[in-house]
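Have the structure open while you read, and go through the points in order.

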Amino acid sequence: MENKTTFPQGFLWGGAIAANQAEGAWNLDGKGPSVADAIAYKPNLDLTNYDGHMALTDENIADALNGRHDARYPKRRGIDFYHRYKDDLTLLAEMGCKVLRVSIAWARIFPTGEDAEPNEAGLQFYEDLFSEMRKQQIEPLVTLSHYEMPLVLSEKYNGWVHRNVVDAFVRYSNVCFDRYKDLVRYWLTFNEIDSIHRHPFTTAGIRHEKSAPGKAIEDVYQGLHHQFVASALVTRDCHKKIPGSQVGCMLTKLTTYPRTCHPTDVEATLKKNFENYFYADVQVFGHYPPLIKRDLALRGIKIEMQPDDQDILRKHTVDFVSFSYYMSLTESTQADVERTAGNTILGVKNPYLPASEWGWQIDPVGLKISLLELYDRYQKPLFIVENGLGAKDTIENGKIHDSYRIDYFRSHFEQMRAAIDEGVELMGFTSWGIIDIISAGTSQMSKRYGFIYVDQDDEGNGSLARVKKDSFYWYQQVIASNGSNLA
Ligand code: BG6
């Protein structure tokens, strides 16, 4: 294989985690409960029905808040990153990590979302975390909202459906910009903003049963609109408060191919892809795409907008486009096609692709296709902020031989390199779950993505000891050679 050094100088190699899946300490130092803290672990989960798992009832919420069954809620314990972050950063620095994507748990800063004053202990935690990252020469890339809004806002307002949540989020974000302006330059507003349709509760605190009859979908679009406006407002504020800062949108890249070349399959696929682009279109172009507007009108969905909203969206667009990419899907108009689970989505199976144990189809060329499509459409720098393989690892004599993970990344890096060769502007790559964390979709610990193993099982047993996998050394060499050595 030919080895070309085509990753640009200063390419940001690193990893990603989210507060609710890693920190633990869910009720320490003044933190309020978040939506993530209310998601219980269910063994034998139906992978084809994520929303069924993450859509909570009043009874579930009451049960979650009674505090008697902590062990059932894995995101409350995470991997104890809250107390162990210094050692974890040391390991990441040893691997050569240049950037680490983390999120701020909003409920650590404003426990109920609308408190009179921010929680100083929460603010100090992130100041310490970002300072330590700088000390270890790891650039922070910070997501303001990653499936962890204060549960109180969800209960009080049905989450983002209510306009007051925009104000609460803008206030929270500004507190973060003021406090971390000297430490953080790269910001993301909403993780996978499109996921509001797939799991509205974790993304936006929205529960369908709280909507008026027949209004559940309209409420989700209303919540999404509020997130678009909030994202634009905080992009404005970040630029004002932190000169030189860069703010990105974040999209789940669900690249979809037609199952056959029958024109009706091609048309259905085109529409799937329009749907997937819609979110970044608004955040990059600054307005709702006309075909989406027409589609909403045809479906009788009305979004309430305030007079300035369109102007806000138009003026404060993002600097770069970030996305997660794990898998691709196919689309078909036939009813009798085989289906497969994906990233909180059910798609049509592609006969040419292998899949992970969770059914996610492995498609490195799909990453290149995604890069080309996104760059051609937006002509903005791109940042892959999530990619990786969820797999079960086994320890043998204290070692984890995860050649399957190395193969996964190698094939994806080759495609990234090819896309860069063809002209795509790619700022960096952060592997998802650089250290094993709790799964967002299944709350499992056994669905592992990391280069660093964490000794904990699905029930929370284990020493939490960290162990370097074979892939740790491989990624170390990839970073040291700026991607020229993928062997
Ligand atoms: C992304 C989320 O969609 O997928 C992450 O932003 C999540 O939070 C990742 O962990 C992988 O999904 P899962 O369900 O395997 O953890």
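Helices (H or I, at least four residues) and strands (E, at least two) are DSSP runs, numbered from the N terminus.

1. **What we are looking at.** This is a predicted model, in which local features need pLDDT of at least 70, side-chain atom pairs count only at pLDDT 80 or more, and totals for chains, interfaces and linings use all residues. Residues are numbered from 1 along each chain as its sequence is written, and side-chain values use heavy atoms, with hydrogens and water left out.

2. **Confidence.** The predictor's confidence in each residue is pLDDT, on a scale from 0 to 100. The chain averages 95, and 98% of the residues score at least 70. Where is confidence lowest in the chain? That would be helix H2 (residues 50-54), with a mean of 66, while strand E2 (residues 99-103) is highest at 99. Where pLDDT is low, the predicted coordinates should not be read in detail.

3. **Strand E7.** Take strand E7 (residues 320-324), where 5 of the 5 residues are buried. Phe320, Ser322 and Ser324 point one way from E7, Val321 and Phe323 point the other way, and all are buried. Two strands pair if DSSP finds at least two bridges between them. E7 runs parallel to strand E5 (residues 246-252), joined by 5 bridges, and also pairs in the parallel sense with strand E11 (residues 382-386) over 4 bridges. Ser324 is a handy landmark: Thr252 stands opposite Ser324, and Ser324 stands opposite Glu386 in E11.

4. **Strand E5.** Why call E5 largely enclosed? Because 6 of its 7 residues are buried. Strand E4 (residues 186-190) runs parallel to E5, with 3 bridges between them; Leu188 stands opposite Gly248 in E5. Going to E7, the bridge partner of Cys249 is Val321.

5. **Strand E1.** Strand E1 (residues 12-16) has 5 of its 5 residues buried, so it is largely enclosed by the rest of the structure. Both faces are covered, with Leu12, Gly14 and Ala16 on one side and Trp13 and Gly15 on the other. E1 pairs in the parallel sense with strand E12 (residues 426-432) over 5 bridges, and Leu12 stands opposite Gly428 there. E1 and E2 also run parallel, joined by 3 bridges; the partner of Gly14 in E2 is Val99.

6. **Helix H11.** Helix H11 (residues 216-241) has 26 residues and reaches 37 Å from first C-alpha to last, close to the 38 Å expected at 1.5 Å a residue. That expected span is 1.5 Å times one less than the number of residues. H11 is mostly covered, with 20 of its 26 residues buried.

7. **Salt bridges.** I use the term for a side-chain nitrogen of Lys or Arg within 4 Å of a carboxyl oxygen of Asp or Glu. How many salt bridges does a search of the whole structure find? The search finds 36. One of them joins Glu155 and Arg207 (3.0 Å, N to O). This pair links distant parts of the chain: Glu155 is in helix H8 (residues 151-157), and Arg207 is in the loop between helix H10 (200-204) and H11, 52 residues apart. Glu155 is partly exposed at 28% relative accessibility, whereas Arg207 is buried at 2%.

8. Arg84 forms a salt bridge with Asp80, with the closest N and O atoms 3.1 Å apart. Arg84 is partly exposed at 28%, and Asp80 counts as buried at 16%. Asp194 and Arg198 form another, with the closest N and O atoms 2.9 Å apart, and both residues are buried. Asp393, Asp402, Arg405, Asp436, Arg448 and Lys469 are linked in a network of salt bridges.

9. **Leu291.** Is Leu291 buried or exposed? Leu291 is exposed, with a relative accessible area of 58%, and is found in helix H13 (residues 290-298).

Note on methods
Buried < 20%, exposed > 50% of the residue type's maximum accessible area, 1.4 Å probe, protein only.
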